[in-house]
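Trainee: I would like to go through this structure term by term. Please set each value against its definition.

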Amino acid sequence: MKKVITIFLSAALIAGAIPYIPAAAETADSGAAISFATQKALYAHAAHSSSDKEAWVAWQCAHDDELVEVDKNTKYFFLPSSIQDNTVDIYNAGDSAVTLNGTQIASGETAAVSFETGARYSVDFGGSSVTVEFLCSSAEAAIYVNNTNADGNGSELIEYLSQDKSRTAAATGAIVDKNGTIDNTPIKKIKGRGNTTWDKSKKPFNITYNDKVSIAGMNKSKKFSMLANYQDDSLSRNRFLYDLSDAVGLPYASDSRYVDFYVNGYYWGSYQATEKIEVGSSNVVSDIDEKDYLNKDGTIKEDFAFVCEVDPSANSDDYTVKCSNNINVTIKSPELSPGDAGYEEVKNYVKSKFNAFAYACANPDNRELSKYGDVESLTKLYLINELGKNWDAGAASLYLTYKQDANGEYKFFGSPVWDYDNSLGNAVGVEGDLRSFKVTDYTKYTGWWCRYKNRRNGTSTSTNIMSNLALNDYILSEAPRIWFEDFVPALRHFSGEQYSETIDKEFMTASEYLDLIQGSAEMNYKSGWLLNTGAWIADHSKLDIAHFNYESGTYYTEPQTVAYLQSFGGMYQYCTDWMTSRAAWLSSQMYDDYASKAAHGIYGDVNNDKVIDADDALLILRHSLKIETIPEAFLPLGDVNSDGDINSSDALAVLRSSVGLKDAGILAGQEI
């Protein structure tokens with residue numbers, strides 16, 4: 001960590017981002033209002049008239065990307081979405097009374113202050129005139145973590161944790177939802193996480209609560225990852241692809257929420273609170289137990305379930321096995337330590353199963369991938385990576401779950417998904433690698449990607465699992481069907497082109513996500529975090545937006561190039577336009593293959609299961625009510641009365657046909 005950051009964190013950070021003064025002179029008596037050691041500053045609470053002592057944030061200056069203050073005479077209150085009616089409780093931790101927007105607040109006292117978002121107010125504080133601005137978030141929740149004595153020697157929490165990613169600390173805190181409901185479950189452990197992102201000023205963390213908690217409606221759990229999304233100026237790429245994976249039926253999709261993150265009264269920015277990938281009944285991988293590898297007598301099972309990750313950054317502290325082609329595979333569950341029962345046996349088992357799977361992924365098709373992997377989930381995982389043009393595809397953060405399928409056979413499932421900030425047109429990639437892969441259009445939404453990743457100099461073999469899946473005949477056979485039946489309806493819903501109430505429960509529209517993140521993002525960037533940080537980020541200034549007409553099967557781009565403002569709104573729009581344009585291009589590439597298979601269907605069989613029954617009638621009815629969507633290629637099969645529309649009349653006709661009743665002019669049951 002750079003020295004300037006260490007100095008800032010050790011003094012100015014816990015001072016509410018006010019100028020550096022020795023800490024002993026800064027500390028004020030927080031009285032009964034605030035649980036942690038305060039500084040001479042004004043503090044705002046997340047809920048009006050609350051007795052809670054945790055959900056407080058001090059006013060603070062904006063900072064640069066290295067956390068050095070900018071314009072010390074201008075302070076901001078970065079407030080959570082729970083603040084309602086433009087009234088906030090302000091605590092005065094200064095030495096004398098202050099007046100803020102006409103309300104006097106005595107030293108050591110709290111008062112309700114009215115404000116207008118974005119308006120500026122002057123206040124005399126400590127003998128200096130300070131300009132104050134209030135900003136309010138739109139995020140789904142706020143997370144507060146407090147400990148101003150993390151090591152027992154007076155170290156501030158973030159300063160202490162930032163010295164070493166392995167450091168941990170307990171803390172008090174608060175989870176505050178939009179309605180102002182506060183959960184004060186203590187934090188058992190907070191520690192750093194991530195690889196590249198850990199070296200950034202805006203750091204990611206893992207949080208373990210003492211008891212199970214829910215964050216803005218997520219399933220209750222003890223463990224969450226706080227993703228900083230530092231390199232993603234839309235703050236949304238991970239959220240989009242996690243939620244999309246859920247919508248298309250990938251198992252174990254991590255649920256997440258946009259949140260604002262506060263530590264010891266300091267606003268750290270907009271984060272993504274995400275279910276941590278863990279096994280167990282209340283965790284992401286819910287149908288596997290940490291002890292699944294053991295028999296009741298403590299011996300090792302002949303076969304058992306496990307979760308693993310292709311992880312080139314694994315170190316000596318990780319439970320890792322070196323597989324063929326020097327691929328590092330970290331065993332996430334069971335997570336054992338030297339001396340634990342089965343430590344070496346589990347490593348050998350994972351290595352054996354992974355090597356067989358990796359071999360089966362590679363072409364030609366006689367290597368029988370379906371015997372070693374669940375083709376459906378692996379195809380969906382491949383399509384998520386192909387849609388995103390994920391730089392890390394197959395090379396890192398590739399999670400696989402080995403478990404029994406519906407027939408009781410142990411196979412690798414392609415899930416959970418994880419780590420997509422370097423996707424959806426965000427990263428430029430490594431120039432030398434791209435030349436070696438023979439890829440010249442990486443940042444564009446056109447062109448295949450996964451099949452070339454790590455396939456150097458045009459070689460026919462690759463050590464990259466995703467690259468091999470992209471060319472595996474099993475995957476290639478299933479990809480068009482899964483793309484058009486699962487991905488396309490979800491992506492058309494996301495774009496707003498074809499709304500689905502069912503899909504919206506798992507994957508919202510772009511405008512809905514924007515409503516949730518916009519206020520939080522504006523606070524994030526106003527606080528000092530930069531857009532388009534570093535040479536790794538691609539140019540997001542313009543785009544030729546593409547579309548695909550699913551009725552005619554034609555692909556086209558808009559005649560005018562779209563220019564994007566270099567603001568959060570512009571960067572968010574670029575991300576969503578890039579994704580929908582990428583989807584259009586992929587549809588153009590797979591349409592002929594899919595349409596040729598769909599062209600031989602049976603009228604009324606809109607779910608393509610080769611049977612005309614009540615399920616088809618229900619799907620037609622739900623489609624007509626815009627609750628669910630018939631896959632594009634099978635839309636012609638739904639218009640069984642040939643009136644040019646798909647409605648309840650077609651549903652009734654299909655239902656009658658399914659029980660043997662035939663109506664004149666009805667095509668149900670006839671081949672197209």
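Predicted model: local features only at pLDDT ≥ 70, side-chain atom pairs only at ≥ 80, totals over all residues.

Mentor: Residues are numbered from 1 along each chain as its sequence is written, and side-chain values use heavy atoms, with hydrogens and water left out.

Trainee: Why is Tyr266 called buried?

Mentor: Buried means under 20% relative accessible area, exposed means over 50%, and partly exposed lies in between (1.4 Å probe, protein chains only). Tyr266 has a relative accessible area of 1%, so it is buried. Tyr266 is in strand E21, residues 266–275; helices (H or I, at least four residues) and strands (E, at least two) are DSSP runs, numbered from the N terminus.

Trainee: What makes Lys371 exposed?

Mentor: Its relative accessible area is 54%, and therefore Lys371 counts as exposed. Lys371 sits in the loop between helix H5 (343–361) and H6.

Trainee: Which residues does Lys371 touch, not counting residues up to four places away in sequence?

Mentor: Lys371 touches Tyr410 and Lys411, where contact means heavy atoms within 4.5 Å. From C-alpha to C-alpha, Lys371 and Tyr410 are 8.8 Å apart, with 39 residues of separation in sequence. The contact cut-off applies to heavy atoms, whereas the 8.8 Å is a C-alpha distance.

Trainee: Why is H6 said to be largely enclosed by the rest of the structure?

Mentor: Of the 14 residues of H6, 13 are buried, so the helix is largely enclosed.

Trainee: How do you know that the span of H6 is close to the expected one?

Mentor: The expected span of a helix is 1.5 Å times one less than its number of residues. H6 has 14 residues and reaches 20 Å from its first C-alpha to its last, against an expected 20 Å.

Trainee: At what angle do H4 and H6 pack?

Mentor: Helix H4 (residues 237–247) and helix H6 (residues 375–388) pack at about 150°, and their axes are 11 Å apart. Axes are lines fitted to C-alpha atoms, for helices over the stretch in contact, and angles run from 0 to 180 degrees between N-to-C directions. The residues making the contact are Leu241, Leu244 and Ser245 of H4 with Ile384, Leu387 and Gly388 of H6.

Trainee: How many residues of each class are in that contact of H4 with H6?

Mentor: Ala, Val, Leu, Ile, Met, Phe, Trp, Tyr, Cys and Pro count as nonpolar, Asp, Glu, Lys and Arg as charged, and the others, Gly among them, as polar. The contact of H4 with H6 has four nonpolar, two polar and no charged residues.

Trainee: Where is the kink in H11 centred?

Mentor: The kink is centred on Ile517 and is about 45°. The bend at a residue is the angle between axes fitted to the seven residues ending there and the seven starting there. H11 (residues 510–527) has 18 residues and reaches 25 Å, close to the 26 Å expected. Its buried residues include Tyr513, Leu516 and Ile517.

Trainee: What makes the phi of Lys389 worth a remark?

Mentor: Most residues other than glycine have a negative phi, and most peptide bonds are trans. Lys389 has a positive phi of about 45° and is not a glycine. Lys389 follows H6, in the loop between H6 and strand E25 (398–404).

Trainee: Lys626 also has a positive phi. Is Lys626 buried or exposed?

Mentor: Lys626, with phi near 60°, has a relative accessible area of 58%, so it is exposed. Lys389 has 2% relative accessibility and therefore counts as buried.

Trainee: Which residue is joined to Ser333 by a cis peptide bond?

Mentor: That residue is Pro334, and omega is about 0°. Pro334 lies in the loop between strand E24 (328–333) and H5. The bond from Ser415 to Pro416 is cis as well, with omega near 5°.
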